[in-house]
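Please read the following report alongside the sequence and the coordinates.

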Amino acid sequence: MKELSQLVRPNILALKPYSCARDEFRGRKAEVFLDANENPYNQPLNRYPDPLQEEVKKALERIKGVRAEQMFLGNGSDEAIDLVYRIFCEPGKDNVVAIEPTYGMYGVCAEVNNVAYRRVLLDEHFDLVADRVLEATDELTKVIWLCSPNNPTGNPLAAEEIEKILRNFEGIVVVDEAYSDFSERMPFRLQLDQFPNLIVLNTFSKAWAAASIRLGLAFASPKIISYFNKVKYPYNVNLLTQKEALSLLHNRREVERWVMQVLDERPKLMAAIEELPICLKVYPSEANFFLAKMRNATDIYNYLIDCGVVVRNRHKVTLCDNCLRITVGTPNENSTLLAALRKY
């Protein structure tokens, strides 16, 4: 890869970050806090939270196999996605390349940050072709976006194709592994030391069943993480989120049980959907959802809404004509869905 100084925006290189009150005495003990203009009452909510979420990161080290200095925690993965643009992409000048179809926020953040967004189609099996992605880059391409398992298709991207991009692209490669806990593939976060241009995204919203606490993760080299911490807002992860994350991390076995229940339901639901006369094809998935090609996705979607069942209509998404994206629910939820579809 290029030197980070060649990839990071010049204004970010020169930026002097805001100094939190808590940062200034870090590493020393204190009992009386009169430094941050906080109200002394209503503890502990009266205090600003740890700006670097050190206790959460220590707990994550043991589970994720990643060192604390290689972690960024943010307000959902969307904060990390936005920070990638703000750190590396000069508005109105640089561009990024992404697979298509994929998670829509990569494109939305590109528009918000005035960065050109180049789409490269997956093949007819929703597989990644590294050469196509690399051919779409030029000297102003700063970032390549990959999602594996991909959303909305559910399939993992071939590891050898991802590695080819990592080895041949001089900029930043982001691999979003939001759904990796539902896959048996080795996560790319365990290869950070091998690929200095790699950023891996994770989230508490999927396997950890905590979408409401809005906690996203980015794993990268300590140097890249230092830029995330330089640009982020000082107290970006609130105390309640940090406490709930620690509770979940300390109850990891329960989370693993939830994942196993989803993995047990997934093939049964996929097979049942594929047997329906209104279904043309169910695509392979290693996520907690799958894509099903229907005879008339929009009509079926509206019918399900009338039945009180909500799935995602992906008919207008590139390569996803007449497809519904169906999340694996509880056994009762899945039975309700199937009962409705069988009456259609």
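Predicted model: local features only at pLDDT ≥ 70, side-chain atom pairs only at ≥ 80, totals over all residues.

A second residue other than glycine with a positive phi is Arg 214, where the value is near 55°. Arg 214 belongs to the loop between strand E6 (198-203) and strand E7 (215-219), and with a relative accessible area of 33% Arg 214 is partly exposed.

Cis peptide bonds also occur. One joins Gln 43 to Pro 44, with omega about 0°, and Pro 44 sits in the loop between helix H2 (10-14) and helix H3 (54-64). Another joins Glu 100 to Pro 101, with omega about 5°, and Pro 101 lies in the loop that runs between strand E2 (95-100) and helix H5 (105-112). As background, most residues other than glycine have a negative phi, and most peptide bonds are trans.

## The surroundings of Thr 141

Thr 141 is located in strand E4 (residues 141-147), and Thr 141 counts as buried because its relative accessibility is 6%. Its side chain makes a polar contact with the side chain of Asn 95 at 2.6 Å, and the side chain of Thr 141 also reaches the backbone nitrogen of Asp 138 at 2.9 Å. When neighbours within four places in sequence are left aside, the residues in contact with Thr 141 include Val 96, Val 97, Arg 118 and Phe 169.

## Nonpolar cores

The largest nonpolar core holds 78 residues, of which Leu 146, Ile 165, Phe 204 and Ile 273 touch the most other members. Helix H10 (residues 252-274) gives the most to this core, contributing 7 residues. A second, separate core has 34 residues, among them Val 8, Ile 81, Ala 110 and Tyr 117.

Not counting residues up to four places away in sequence, Phe 204 touches several residues, including Leu 60, Ile 213, Leu 217, Ala 245 and Leu 249.

## Strand E11 and its partners

Strand E11 (residues 323-327) is mostly covered, with 4 of its 5 residues buried. Strand E9 (residues 289-294) runs antiparallel to E11 and is joined to it by 5 bridges; within this pairing, Phe 289 has Thr 327 of E11 as its bridge partner. Strand E10 (residues 312-313) is likewise antiparallel to E11, through 2 bridges, and Arg 312 stands opposite Arg 325 in E11.

Definitions and conventions:
Residues numbered from 1 in each chain as written. Heavy atoms only, no water. Buried < 20%, exposed > 50% of the residue type's maximum accessible area, 1.4 Å probe, protein only. Polar contact = N/O pair within 3.5 Å; in protein donor to acceptor, adjacent residues only side chain to side chain. Contact = heavy atoms within 4.5 Å. Core = buried A, V, L, I, M, F, W, Y, C linked by side-chain atoms within 4.5 Å. Pairing = 2+ DSSP bridges.
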